[in-house]
Amino acid sequence: MIRPSDALEKAATGIRLEALELLALYDAPLPELASVAHTLRLERTAAERVTYLIDRNINYTNICNVGCNFCAFYRTPRQNDAYTLRYEQISEKVAELEAIGGTRILLQGGVNPALPFEWYLEMLQYLKKHHPRIKLDAFSPEEILGLEKITGLSALEIISTMKNAGLDGLPGAGGEILEDEVRLEAAPARIPSADWFRILDVAQSLGLYTISTMVIGFGETMQHRVNHLLKIRDQQDKALKEYNNGFSGFAMWTLQTEHTRLHGKAPGATAHEYLKNLAVSRIALDNIVNIQVSWPTLGFKVGQVGLFYGANDFGSTMMEENVVSAAGGHDRVRVTEKEIIRHITDAGFTAAQRNSRFQVI
Ligand code: SF4
C-alpha cells in the first residue's frame, strides 16, 4: 500500500510515478495535490503565460451510425433535423473565423456511412483552396475507423491520402476512458481503445497534429483513470521516440448526459473531482507539456481555478459547439477573445494567443 503523502513527495521531485503511486494520489488532500501539480506546471511550461486559441468547431454532419449512449448530438438519416453541410456552408463558417483572426477549424461529424471517401477529400481540397492559411484539424479516430469499413482501405492509406488533400491534424476526440470495460458500458459500438491508439499512431507517424483527451464521470474507477493516463503516457513515449511527433496537448472534461440515454445512470463528475483529476493528469503526464482546462463543461470560474491545478491553457473560442452542448454543457459555448483574456489575466497570468500546435503567435 502506497501512502498518498509518499506519492506526492515523489511527484514533487519530478520523477515519473508508476501505476500504484498514481492511484494513491486520488486519496491525497486536494490542496496538496494542487500545489504539486501547479509547481510542476510552472516548471514544465512558461510560468507566467496561459495560452488560448482562436478557432471554430464545425460539425459537418450529425448523421451517425455509432449511437453512443452519451451522445445527444447524433441523428439517424430519417430524422427531420439530420443534416450534412455543403462545402459552401462550411466555407462560410471558416470565413467568419478568418474575420476574427482565427487560425484553425476543428472539423468533426458523426460517422455518416452515406458519405464516400471522395466527399472528404474534396471537402479538404475545397477548404484548403479557399482558406489556405487555416489549419484543418479534422475527424476523430471513430470517423477514420468508419472510413476503413466503407472503403476497405487501411488507416495509413486513408490518412495519408487525406494529408495530401490538405488535412493538417487528427484531433484525438472520442478518447473518453480508454478502457474497453468502461467503453462497452457507455457505448457498445464505440471505437475500441486499441483502434483509437492505432489510428492516432498512424497520424503521428505521418507528422500530423494530434491531442489526447479524457472524459470522466461514466462511473469508472480510479484504476480505470490511471490506466487511461498511463496508456496515453506510453503512446506519447513511443510517438516522441519513433516519430518525434507526439500529442501536442491533453484536454480533459466531465461527462454531460442531458438528453442522452445515460441521463440518471452515469454519475458525472463534480468540480472537485474534475480538479483532482486535472492535477493527477499533470503529474502523470510528464511527457505532455500542454494541459487544457475545460470551461465549456465546467464554466469559466472552474476553468480559471483549473489554472492552479496543473493546466496552462484556456482552450479556445470555438465560436460554436454542438456535441457537448447538446448534452447539457456549460450554458455558454461561445466566448470572445476579450473574455478569455480577462479570465486569464484576472488569474494573474499573461494571456498569449497560440496556434493549434501550442506555439505562441
Ligand atoms: S459521440 Fe460521435 S460517434 Fe458517438 S454517436 Fe455521437 S457523433 Fe456518433
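**Exercise 1.** In which crossing, left-handed or right-handed, does H10 pass H11?

*Solution.* The model is predicted, so local features need pLDDT of at least 70 and side-chain atom pairs count only at pLDDT 80 or more, while totals for chains, interfaces and linings use all residues. Residues are numbered from 1 along each chain as its sequence is written, and side-chain values use heavy atoms, with hydrogens and water left out.

Step 1. Helices (H or I, at least four residues) and strands (E, at least two) are DSSP runs numbered from the N terminus. Axes are lines fitted to C-alpha atoms, for helices over the stretch in contact, and angles run from 0 to 180 degrees between N-to-C directions. The axes of H10 and helix H11 (residues 271-284) cross at roughly 35 degrees and come within 10 Å.

Step 2. A crossing is left-handed if the near helix is turned anticlockwise from the far one by less than a right angle, and right-handed if clockwise. H10 passes H11 in a right-handed crossing.

Step 3. With contact meaning heavy atoms within 4.5 Å, Arg225, Leu229 and Arg233 of H10 meet Glu273, Asn277, Val280, Ser281 and Ala284 of H11. For classes, Ala, Val, Leu, Ile, Met, Phe, Trp, Tyr, Cys and Pro count as nonpolar, Asp, Glu, Lys and Arg as charged, and the others, Gly among them, as polar. The contact of H10 with H11 has 3 nonpolar, 2 polar and 3 charged residues.

**Exercise 2.** Describe how H9 packs on H10.

*Solution.* Step 1. Helix H9 (residues 193-205) and helix H10 (residues 222-243) have axes 10 Å apart, at an angle of about 25 degrees.

Step 1. Angles under 35 degrees count as roughly parallel, over 145 as roughly antiparallel, 65 to 115 as roughly perpendicular and the rest as oblique. H9 and H10 are therefore roughly parallel to each other.

Step 2. H9 passes H10 in a right-handed crossing. Among the residues in contact are Phe197 and Asp201 in H9, and Ile232 and Lys238 in H10.

**Exercise 3.** Which strands form the open sheet, and in what order?

*Solution.* Step 1. The open sheet has 3 strands in the order E2-E3-E4, with parallel pairing; two strands pair if DSSP finds at least two bridges between them.

Step 1. Strand E2 (55-59) and strand E4 (135-138) stand at the edges with a single partner strand each, so one side of each has no neighbour in the sheet. The twist averages 20 degrees from one strand to the next.

Step 2. E2 and strand E3 (residues 104-108) run parallel and are joined by 5 bridges. Asp55 stands opposite Arg104 in E3.

Step 3. Helix H4 (residues 87-99) packs on the sheet, where H4 touches E2 and E3, and its direction makes about 165 degrees with that of E2. H5 lies across E3 and E4, running at about 155 degrees to E4.

**Exercise 4.** Which residues surround the ligand?

*Solution.* Step 1. A residue is near a molecule or strand if one of its heavy atoms lies within 4 Å of it. The ligand is surrounded by Cys64, Val66, Gly67, Cys68, Cys71, Phe73, Tyr74, Gly110, Glu142 and Arg190.

Step 1. By class, this shell holds 6 nonpolar, 2 polar and 2 charged residues.
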